[in-house]
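Please keep the sequence and the structure in view while reading.

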Amino acid sequence: MPTVVLMDVSLSMTRPVSLDGSEEFQRKNLAVHGLTMLFEHMATNYRLEFTSLVAFSSLWELLVPFTRDYNSLQEALSNLEDYDKTCLESALQGVNNVVQQEWGSGCPCQVVLVTDGSLGIGKGSLRHSLQTLKNRSEDKKFPLPFPFPAKLFVMCIANAEELQTTDTMDNLEQLLSLNRGEGQIFTMEGPLCLKSVQAMFGRLIDQAYSPFHAVLRCGNLSSDVQVFPRPEPVIVDEEVDPMPRTVQTDLEIVGFIEIGDISSPPVISRHLVLPIAVNKEADEIGTSNTDEAEEETSANQMAGKSPNFCVLLHGSLKVEGMVALVQLGPEWYGMLYSQADSKKKSNLMMSLFEPGPEPLPWLGKVSQLGPISDALENPYGEDDSKSPFPVQPKIKRSYSQNVTVWIKASGLQTDVQKILRNARKLPEKTQTFYKELNRLRKAALAFGFWELLKGVAELLERECTLLPDNAHPDAAFQLSHAAQQLKLASTGDSQYAAFDHNIAPMHTDFSS
C-alpha cells in the first residue's frame, strides 16, 4: 500500500516554538522530526513499500516520486523551502494526479497530511472550498473522495486546545467525512515539543504502519512471516450483530489446488508475504529471480543462512502452477500464490476471501474439500481431461432461471417492441404474442412496475385502432382482451395481479 506524504510548507509552518533549554524551533522543524521518525520506521519495517513526498502551499510540487529509497526522502526533508499561503484543495488534487499516474485508480493508498492546522485565507482556503462544495461544475469538483481507495491521516503540528479556538477541527472532520470517513486526525498532546511530536507520530505508526507478524504452517513445517500491508478488520454485513473479524497470527495451509480450478476469485484485499529474515542479507528472500524452484530455494537458503519453508512454498507454487488455501480464522479463508512482478521477479502473495464457509461457490464448502487420494477414482481423470469443479449445487439457483432484467432503458424498449411486432402479425403469432406478453407482465409485477402494464395496455389499444381493413377479425379481439387484462393487473388487485397467473388467449371461433 503506497504512501503519499503531503507536507505543508506555507509561511504559517515557520512560526516559532519555544523549547525549554534549547534554541527556538519552527513548527516545520517539529514536522520534519516527526516525518524522520516515520521514514526510519518504514525503512526498517516497511522496506518494500513505496513512498512519495509532495510539498504544498498555494501550489504543489512533487519533491520525491514513489520510491523505496528512504535516504532520498530524508534528504528532501532537510532541503525544504518556505513558500506562501496554504491551499489544501490544490494539494489534494496533486495527490490525485501523482497516485493515478503511478498506480491507477484501483490501488489502495495512504495519504499523510502534515500541517499546522492553518487552513489558509480567502479563495483557495479549506474553509472556502468546503463552503462552495455544492456550487461547482463537474470539471471543478472537490478532489475528495479520492478516486482510489485511500485513508487520509491528518498530522496537526498543534494541540487540540489551539485548534478548538477556531473552526479548524470542524473543517478537518468535514474533510475526513468527504473521504468516506476513511482516516484519522492526530493532534499533539501537551506543549509543542519534540517529545509530543514523537508521541503523535508514534500513534500514527501504531495505527497504520505497525508490522503484521504471523506464523505460516503446513503440517510439520512452519515459517515466521510478515504480511504487507497489515490486514484490516472485516465486518460481515449479513450478521445480526456484526463484529469486526481480524486475521489470526497463526495461518494454517489446509490444502493446495490448481490455478485453473480457482480461476480469478473475488477477494477483499491482497497482501505481500515475506519470511522474517534472520540477517540483513535475507531481506529479499520473498522475491525470486530464477525459473526453477531448486535454484531459487538454494539461493535463498544461502542468503538467509538457514532453510526456510516460506521460500520453499513460494518456489513450489510458482513451478507447479498451484495455489495454497490458507485458513485465516474460523470459517475464513484466503489463498497463497506466486505473482510475477516483472519477467524475472515474483512475490509470494496472499489474497483474502470474504468470510464464510463457502467463499467461492464453484468450489463448494472449503471444509468438505479433500485430497485426490481419498477419492474412489481420480476426479481429474487419468489424463487430466476433466475437472471436479464447478461443484453442481443441489438446488437450482434463482439466478440460473430465465429471469427478465432491465438494466438499461434500451432493454425494456426491446421487449415492448417485440410484443408490438407480434401483435401486428396476429393471429398467426398468437402463441408468441402471449408468451412475450406474460414474460413482461411477470417482470413488471415483480418490480412493482404498475405504470408499465398500463402503458403497454394503451399501446395495444392503439394498435387495435390502427389495424388495416383486411386484418383478421381475431386480431382486434386478442388485442382488446390483452389490453383489458393488463389494465386489471395494473390496479394491483390480487385477483388479477397474481404473479403465477398467465394471460390466456381469448377463445374465438371464425370457422363459419
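## The enclosed cavity

The largest cavity has a volume of about 50 Å³, and a search of the whole structure finds one cavity of 30 Å³ or more. The model is a predicted one, in which local features need pLDDT of at least 70 and side-chain atom pairs count only at pLDDT 80 or more, while totals for chains, interfaces and linings use all residues. Residues are numbered from 1 along each chain as its sequence is written, and side-chain values use heavy atoms, with hydrogens and water left out.

On a 1 Å grid over the protein atoms alone, a cavity is a set of points where a 1.4 Å probe fits but cannot get out, whereas a pocket is an open set with protein on both sides within 12 Å along at least five of seven lines; a lining residue has an atom within 4 Å of a point. Grid points are joined across faces, edges and corners, and a volume is the space filled by probe spheres set on the points. The residues that line the largest cavity are D8, F56, T86, L88, L113, T115, G117, S118, L119 and L172. By class, five of the lining residues are nonpolar, four are polar and one is charged, where Ala, Val, Leu, Ile, Met, Phe, Trp, Tyr, Cys and Pro count as nonpolar, Asp, Glu, Lys and Arg as charged, and the others, Gly among them, as polar.

The largest pocket holds about 1,400 Å³ of space. Its lining has 41 residues, of which M1, C107, P108, P229 and R270 are the closest to its centre. At least two lining residues come from each of β7 (150–159), β11 (234–235), β14 (269–275), β17 (332–340) and β18 (346–352), and β14 gives the most, with four residues; here strands (E, at least two residues) and helices (H or I, at least four) are DSSP runs, numbered from the N terminus. The lining of the largest pocket divides into 22 nonpolar, seven polar and 12 charged residues.

The second largest pocket holds about 970 Å³, and among its 31 lining residues L363, Q368, L369, F389 and V391 lie nearest its centre. Strands β13 and β16 (322–329) each supply at least two residues of this lining, and the largest share, five residues, comes from β13. The classes in the lining of the second largest pocket are 20 nonpolar, five polar and six charged residues.

## Strand β9 and its partners

Strands β9 (residues 212–218) and β10 (residues 221–228) run antiparallel and are joined by seven bridges, and two strands are said to pair if DSSP finds at least two bridges between them. A214 stands opposite V225 in β10. The hairpin of β9 and β10 has two residues between the strands, and G219 in this hairpin takes a positive phi near 65 degrees.

With strand β13 (residues 250–258), β9 pairs in the parallel sense over three bridges, and L216 stands opposite L251 in β13.

Helix α12 (residues 430–447) has 18 residues and reaches 26 Å from its first C-alpha to its last, close to the 26 Å expected at 1.5 Å a residue, the expected span being 1.5 Å times one less than the number of residues. Its buried residues (under 20% relative accessible area, with exposed over 50% and partly exposed in between, using a 1.4 Å probe and protein chains only) include F433, Y434 and L437. What covers the buried residues of α12 includes α11 (409–423), α13 (450–465) and α14 (473–490). Helix α12 is followed by G448, whose phi is positive, near 70 degrees.

Helix α14 also has 18 residues and reaches 27 Å, close to the 26 Å expected, and the cover of its buried residues includes α11, α12 and α13. Just after α14, G492 takes a positive phi of about 85 degrees.

Not counting residues up to four places away in sequence, A482 touches F433, Y434, L437 and L460, where contact means heavy atoms within 4.5 Å. The C-alpha atoms of A482 and L437 are separated by 8.4 Å, although the two residues are 45 residues apart along the chain.

H481 also has its place in helix α14, and H481 is buried, with a relative accessible area of 17%. With residues up to four places away in sequence again left out, H481 touches Y434, I503, A504, P505 and M506.
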